[in-house]
Amino acid sequence: MIKAILIFNNHGKPRLSKFYEHYSEDTEQQIIRETFHLVSKRDENVCNFLEGGMLIGGSENKLIYRHYATLYFVFCVDSSESELGILDLIQVFVETLDKCFENVCELDLIFHVDKVHNILAEMVMGGMVLETNMNEIITQVDAQNKMEKSETFIFQSPRQDR
Amino acid sequence: MALKIVKGSIDRMFDKNLQDLVRGIRNHKEDEAKYISTCIDEIKQELKQDNIAVKSNAVCKLTYLQMLGYDVSWAAFNIVEVMSSSKFTYKRIGYLAASQCFHESTDVIMLTTNQIRKDLSSPNQYDTGVALTGLSCFVTPDLARDLANDIMTLMSHTKPYIRKKAVLIMYKVFLKYPESLRPAFPRMKEKLEDPDPGVQSAAVNVICELARRNPKNYLSLAPLFFKLMTSSTNNWVLIKIIKLFGALTPLEPRLGKKLIEPLTNLIHSTSAMSLLYECVNTVIAVLISLSSGMPNHSASIQLCVQKLRILIEDSDQNLKYLGLLAMSKILKTHPKSVQSHKDLILQCLDDKDESIRLRALDLLYGMVSKKNLMEIVKKLMLHVDKAEGTTYRDELLTKIIDICSQSNYQYITNFEWYISILVELTRLEGTRHGHLIASQMLDVAIRVKAIRAFAVAQMATLLDNAHLLTGNTQHNGICEVLYAAAWICGEFSEHLEDPMATLEAMLRPKVATLPGHIQAVYVQNAAKLFSTVLRGQEGAPADSKVAQETSQLLIDRLPVFVQSANLEVQERASCILQLVKYIQKLQQKDVEVAEEVTALFAGELNPVAPKAQKKVPVPEGLDLDAWINEPPSGSESEDEGRKTKTKGKAVFAKEESRHTKPRYTEVDEKELAKRREVRKAEQANNPFYIKASPSSQKVYQEAVGVEHIPVVQIDLSVPLKVPGMPMSDQYVKQEEERREKNKADRKKKDKKKRREKGRQRRGDSGPESEEDITPAHMVDIVTEEMPENALPSDDDDKDPNDPHKALNIDLDKPLADSEKKLPVRTHRPDEGLKSPVEDGEGLEVASEPKKKSGKEKKDKERKKGKEKKKKKKHKQEEGDNLIEAGSEEPAQSEVTNDVAAQPPTSTPEEAAAVADPPPPASSPEAASGVAAVVPDSEPEETKSSKHKKKKQKKEEKDKKKKKHQHHHHHSDGAGDESVQNGTVEEEEPLPPMSNYALLAENSYIKMVCDIQGNLHDGSQVVVSVIFENKCDSFIKSMEFNVMDSLNSKLQRPEGAGPHDSLTVPFQLPPGISNEARFIFSMQSIVMPQKLKGTLTFIVKVSWSCSPQSTHIPHYPNQIEVYLSRVPNTTGVDL
């Protein structure tokens, strides 16, 4: 199971947080801060696994992260997930973002966090990996966006009339 | 004009979308909080608008603010509104917000059930998808129960996109509603072979998650997984399956044997590192489970270790890390194979990556042997010196101690060396683990008798150099070792070379700056040393001056401690001070006191196993939970009452507790003294009791909680080189020399032997084996004491709150009929209305097998109403007492909790009976009436399918009166149940006069119906339908038909086909209404059911007969109404 997915930048500003277990808002912020603290002090050329963030808890859990330019992608997983598999999944996630946003950069995530959530929802559901095939993910995301566009068109036209 | 303003403001607000909000926040870096609070105010305004677009935009912004840590739960209702928008765009926003901020205690969640159900069955797959995704994040037990069937249906959806989501979410449903696991599992299993790889992968995912927690229930799936493993090419699926096998093999060794070959093939063939790694991991798990039959598998071990070595040598830090991780698993069972890679692992200790160093440290733990322990520890000590961060250094320190002390100091051949290692470790700056070192010192000194002399000497040096340890601050974790040092020196003072000097060192004024508990030990042990000094002096009577000087020293120095703020120190110091003063007096009279003083501290201390106390078996007849003395209570009379009650139980209090208080204490004192005597005698005979006499203080030492010591950082400015302390390195050298010598000796011996034995074993001088290394000096390691008949049981410390525990369900048992569909749990009665009676016994009452027929639920009773109710109330009190008797009936209510685990024989009745309510609210009268009616209703019971025509009301009233009287006859005996039922119901709010809900209506006829569980047969539901003729014509030949669903069946007379209609047994003149009842047999009552039926009838008009037909529509919303009003009605809705 994936317990949480966090994206934050080099300064610890959260860009996306998805918790698959419930925490209060304060605890969530604390987890983000702590995770940032743990991850940010690591060198570039060390391994991408980190044991035991205290908050997300338990000796069973691991932090698996990747650092891309200005962003950290951190997955907190338990022992049922394959470490290398999750690293691959992060890669798929980032590549998918790259395709969907066309050369993704931090600004895309800052302004379109809802879209990032929608993409993520096609990959991971309730803490379990749903789809790892990038093409499939993109197809579904595109189809939904198309639907949204057709709807907004219908909607906005009367508004313009006013 | 006004409209324009309104419109403008709407537009302006609407224009501030998520992007604007983010931009705004970024532009207000300095007063972000203030800006956001104005934004939230705006959002609140927007949420008040009717326009769903504005609302959803607001909700979208809230989702962002939630991520920033703002609580947005106040908008939960608005989120639900947005979720229920018909437009996908808004729906998605709503569900996203809900998934981010809803949780089990969000109360509006219960409003979402119908909306979610609607979305799940939406023709648009993305509506369904979005609902599933959202639900996966906030599913509650209620939602899981209510939606389980819908989701299960989706598992067979035509679109794989929906199927895979439905399959995944089932895991969450199982967690929240474990009863659904068994019924849903067959379908889940089918999905393992779904044509779509995504669905297949999802099913594997779910089953792996389930099996990981309760592997034994999933063993039967092994062949299926085995097939998947050999056929699948999807690495994700393979990894999951292989991981699953890792969890299954420990339970079924035969599986492991089968797995080895395909796994080895995969290891050889795959190029994916992740897969390779998981294969190796599982092979390791297999090999661990196959503890026997080793020789066949040494090749596999070698293969694993070899592959892991490749991983560890890889430049990729991730692989290195994982390689070490897997290595540590092999280590547990096959330490030898790992030990050959010691070089590699030691190399990893130098890695720049701390995670890798820590992993390597873990490995070291298992790699030590008698042979290499010193060497490895020496290396670690070097690292300790080099380590930069305190965390890593502390980790090293604990690892060193772990490694050395593991399995009862198995690998330590030279305890002198170990003591000096410990002493060296005390020089660590700012370590937090002073107490760890201290406890090791104590442990070794106590348990290894041979080492005491050496240890005492070392400790004396430590005490002498205490100032180096404590440094300039007293906030120092390491000073804990002084605790151990002082105690060892005192306790084993006979080994001290110069007790006088040590005594002096222990009484230095600086000691007063140490933490209190350490000072206390100092003071106490100073007294022990004092006795040793006295004894030493009196052996040589020539010089009594020294003894007197010692007394004087104590008398001079102890007052500092007497003034200590620490109570413990103060008490001991003043006690000992007075003792010494007294001794001094005796000394001045030349009385020999040494013996008496020594006697104070005589006796041996034995180590006691940490769990010893817990393992002492409780003597028969001793109830640990019983009061020893009754707790004090206010009023005498109350006291009296309780005493008489507990009289039998009070083992210790006996009769005294009856006396009035003053006498009580008096007697108690005497008693106490007596008991103390008895206890002492008992203890004297008990070999497991640490003898307190003659020095009861000694026991105290261990009792000081080391854990409670404040742990503080220290910075030492003085370089630590304690003069006169042996370096552990010396021992390494000594050890080597000694071994060389031993070897040489042995060779000589061997030669001799060989010569004797001829040429049999030539060239057999390979590497030393473990056994060849003899300890430097024979050490007698005292084992820890355990009580004689200690229970071997090891405590199962499983977390009782683990949600997965509930999923430990046997899935191999065939499903009983009742389980084919999801089982029902009674809908929870409204908390507010719940009566205490209902709370406890309600279920049992409901589940009584002898249910009275519910058929007598007739409007007559309802009409009769109030007078009856009054009577009832009188009855109620009586009923309260009777309830206990009633609840002794076989408590079937257990079944509710455990429906899934029911034996397959359990009939639907049983499940239904339990789930079946205390009869619905409207029937207090009904129940009582029923009890009376028993004889009359018998014919009905036998022909339950026959619809009894109702009599006219007047007639019934007469009848009622009769029954009423009848009832009184029954009320003493047979009336039990009815009374109970009555009590239960009485607690509920008074029912409306009519429970009948509109079923269908057209210009000719109106149908209202009431649904009741059949109290006589739990698997049946009685639907009473009142037909009212609304037209001016005669209605006849009414035929009622309902399409049977899987779950519910209209009971038809024997011989009728499954689709035949039932004739309504009466005709309706204009304006007249009459009631007919239809009985449905139910398979399951989990879900509210929707049935569709038709009524055909002929309206007799003067000029023609025209067949008409009324379709009975569904009233999905009515279900809600029903269930909340009559919580326990089986959820049939027509």
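A salt bridge is taken here as a side-chain nitrogen of Lys or Arg within 4 Å of a carboxyl oxygen of Asp or Glu. The structure is a predicted model, in which local features need pLDDT of at least 70 and side-chain atom pairs count only at pLDDT 80 or more, while totals for chains, interfaces and linings use all residues. Residues are numbered from 1 along each chain as its sequence is written, chains are lettered from A and ligands numbered from 1 in the order in which they are written, and side-chain values use heavy atoms, with hydrogens and water left out.

Chain A contains five helices and seven strands; helices (H or I, at least four residues) and strands (E, at least two) are DSSP runs, numbered from the N terminus. Along the sequence the order of these elements in chain A is β-β-α-β-β-β-α-α-α-β-β-α. Of the 162 residues in chain A, 60% are buried. Buried denotes under 20% relative accessible area, exposed over 50%, and partly exposed the range in between (1.4 Å probe, protein chains only).

Over all chains, 40 salt bridges are counted. One of the pairs consists of Asp353(B) and Arg42(A), with an N to O distance of 3.5 Å. This pair crosses between chains: Asp353(B) is placed in the loop between helix H20 (342–348) and helix H21 (354–367) of chain B, and Arg42(A) in the loop between helix H1 (25–40) and strand E3 (49–51) of chain A. Both partners are buried, Asp353(B) with a relative accessible area of 1% and Arg42(A) with 14%.

A salt bridge is also formed by Arg92(B) and Glu148(A), whose closest N and O atoms are 2.6 Å apart. Because Arg92(B) belongs to helix H6 (residues 88–101) of chain B and Glu148(A) to helix H5 (residues 134–161) of chain A, the pair joins two chains. Arg92(B) is buried at a relative accessible area of 6%, whereas Glu148(A) is partly exposed at 24%.

Within chain B, Glu81(B) is paired with Lys55(B) in a salt bridge, the closest N and O atoms being 3.1 Å apart. The relative accessible area is 26% for Glu81(B), which is partly exposed, and 8% for Lys55(B), which is buried. A network of salt bridges links Lys3(A), Glu21(A) and Asp78(A) with Glu209(B), Arg212(B) and Arg213(B).

Patches are made of residues with over 30% relative accessible area and no salt bridge, like charges being joined within 9 Å and nonpolar side chains (Val, Leu, Ile, Met, Phe, Trp, Tyr) within 5 Å. Lys and Arg count as positive and Asp and Glu as negative, while His and the chain ends are not counted; the place of a charge is taken as NZ of Lys, CZ of Arg, CG of Asp or CD of Glu. A patch of negative charge on the surface comprises Asp590(B), Glu592(B), Glu595(B) and Glu596(B). Within it, Glu592(B) is located in the loop between helix H32 (567–588) and helix H33 (594–600) of chain B, and is exposed at 57% relative accessibility.

A nonpolar patch on the surface is formed by Phe77(B), Met110(B) and Leu111(B), which together have about 340 Å² of accessible area. Accessible areas come from the Shrake-Rupley method with a 1.4 Å probe, and for residues only the protein chains shown count as cover. Met110(B) is in the loop between H6 and helix H7 (113–120) of chain B and is exposed, at 64% relative accessibility.

Most residues other than glycine have a negative phi. In Ala69(A), by contrast, phi is positive, near 45°. Ala69(A) is in the loop between strand E4 (62–68) and strand E5 (71–77) of chain A and is exposed at 70% relative accessibility. Glu102(A), also not a glycine, has a positive phi of about 55°. Glu102(A) occupies the loop between helix H2 (83–101) and helix H3 (106–111) of chain A, where its relative accessibility of 63% counts as exposed.

With a disulfide defined as a pair of cysteine sulfur atoms within 2.5 Å, the count over all chains is zero. Among the cysteines, Cys47(A) is buried with a relative accessible area of 0%, and Cys60(B) is buried at 10% relative accessibility.
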